[in-house]
Each structure stands twice: as structure tokens, then as C-alpha cells.
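Dear colleague,

Please find the structure below, handed over for your records.

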Amino acid sequence: MKTSKYNENVFINCPFDATYKTLFDAIVFAVFDCGFVARCALEEDDGSQIRVQKIFDIISQCRLSIHDLSRVEIDKSTKLPRFNMPLELGAFLGAKHYGAGVQKKKACLILDREKYRYQKFISDIAGQDIKAHDNNPKIVIRVVRDWLRTYSQVSIPSGSVIWSRYQVFESDLPLLCKELNLNLKELIFNDYVLLVSRWLKINA
Amino acid sequence: MAKKTSVKRVSRSAITGRFVKSPAKAGSVKYRQVDRAVRTVSSRRNGTINSRSTHRSKTQA
């Protein structure tokens, strides 16, 4: 494994539903604007690979990760909580603990909508620094940027600057899609990250 | 014997010189095609139309 890519890869563990998309897009943009590469389970669609194995593979390739527990809540129809995010957080912490070499250098950012809510459902991670984003993309961009600054070799613009750039990108996105014959509502993760990274390369 | 030096290919932002990483696995559209679209949209936003766009719009008209 190339250590340079490993150090730059950021695994994003979050819900992929429509209600979370605003935050997800903001996180992906912030990761790229800070000079890192966003990775997540949506990047590959290999029906022959077991989903959890795909997640383990990506985790092993990422030094950094962002885990958002804000949607761990009771589902109205099943009356059960969604637990994919805590499971993947556990896999990441396990890789750091039991893994060898570069795996030991793993670091993660844990997010929730309120700062101490996690203590009610996942108290074993008490003592870790959980950041609250209040379901606000502007806040999540600042939190992600401030955390990534610790792991960057170069200066990174402030959260407010990245937020301003994100707003310009958001206004350009429908026009970009039109130019490329893409339907904005049908953008897949790989399309989105390509547009973000190339837009930043030219505009940042 | 001279020491071997490795040449590392990097990608820098055209404006700030900051490093900008590209995704590990590219999607369904090509870089060059995307770059052209980004430049076109950025130029429109900034009110500057490059010569190629002008030529195309005249041709289409």
C-alpha cells in the first residue's frame, strides 16, 4: 500500500439517504478542499463483493475517517435504530487497535447533531471528543476543516472560506451538470467527487 | 555513482498553487471533458467568455 495515498484518504461513514445529502455533500467538498480524498462505500458498485468486505477494504486504505452518528435513531416503521454507522466506527477503531504498521496511525472524527447525545446509545466511546454539527452544513465544514488541519502538511483555508467556495460550487453545479449531460438528481458519488475535485483544481 | 532521484507527479491549483487531489477512482466522465465544462461555467459566472466559447456560440447562432 502506498503510504502517501493512505495518509490522504478519508473514509466517510454516514447515512446515504436524501435527508442527509446536504451534510454529506458539504463534508465531501470540505475534504477535497483541504487537500484530501473522500472515500466511501458508494465509490464501488461490485455486486460480487460482500458489502461489509468492501467497507473493510476501504477502511484499511484510509488513515483518516469521519463518522457521523447523528442519524442513529429509531426508525418510524421498524421501531429499531439504524446501526450501520456505529458498526463501521467499531470496525475503524478495531483496525487501529489490532492493525499493524500504518494502521496504528489511524485517526477519526466523530460527529453527532448534539454533543453528548451519543452517551445514551454508545457510551463505550465516552472520553472521545465528539463534535456537534447541529445538522448545519456550514458548521460541519468548519468542524471537518479544523480537524483535517491537524493532519495536513500545508496551510488550509479557514472554514468560512471553504463555506464560501462551497456556495459558489453549489450554484455552479446545475450548470456543470447541464454542460456534461448529467442529471443533478441522478449524480452518483463518483460523478460528484470528480466534479468537486476538478472544480477546486480550477477555481480554488 | 549518482543517487537516483524520483520525480513525483503532482497536481496544483492553477490559481493558488495549492495541491488538489483527484479521486482515487474516477467516475463515468473524463477529466478533460469536466475541466472544459468547469472553465465554461466559471467564465460565465465571472463574466469572462473565452474565445473558444464565443466562437462556438457564434457558430451555433
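A:Glu73 is partly exposed, at a relative accessible area of 33%, where buried means under 20% relative accessible area, exposed over 50% and partly exposed in between, with a 1.4 Å probe and protein chains only. A:Arg113 is likewise partly exposed, at 21%. The side chains of these two residues, A:Glu73 and A:Arg113, form a salt bridge with an N to O distance of 3.2 Å; the term denotes a side-chain nitrogen of Lys or Arg within 4 Å of a carboxyl oxygen of Asp or Glu. This pair joins distant parts of the chain, 40 residues apart: A:Glu73 sits in the loop between strand S3 (64-68) and helix H4 (84-98) of chain A, and A:Arg113 in the loop between strand S4 (107-112) and strand S5 (130-132) of chain A. Helices (H or I, at least four residues) and strands (E, at least two) are DSSP runs numbered from the N terminus. A:Glu114 belongs to a salt-bridge network with A:Glu73 and A:Arg113.

The model is predicted: local features require pLDDT of at least 70 and side-chain atom pairs pLDDT 80 or more, whereas totals for chains, interfaces and linings use all residues. Residues are numbered from 1 along each chain as its sequence is written, chains are lettered from A and ligands numbered from 1 in the order written, and side-chain values use heavy atoms, without hydrogens and water.

Over all chains there are 11 salt bridges. One of them pairs A:Glu43 with A:Arg39, with the closest N and O atoms 2.6 Å apart. A:Glu43 is buried at 8% relative accessible area, and A:Arg39 is buried at 5%. Another joins A:Asp112 to A:Arg117 at 3.1 Å, and both of these residues are buried.

Chain B has two helices and zero strands. Of its 61 residues, 25% are buried.

Kind regards
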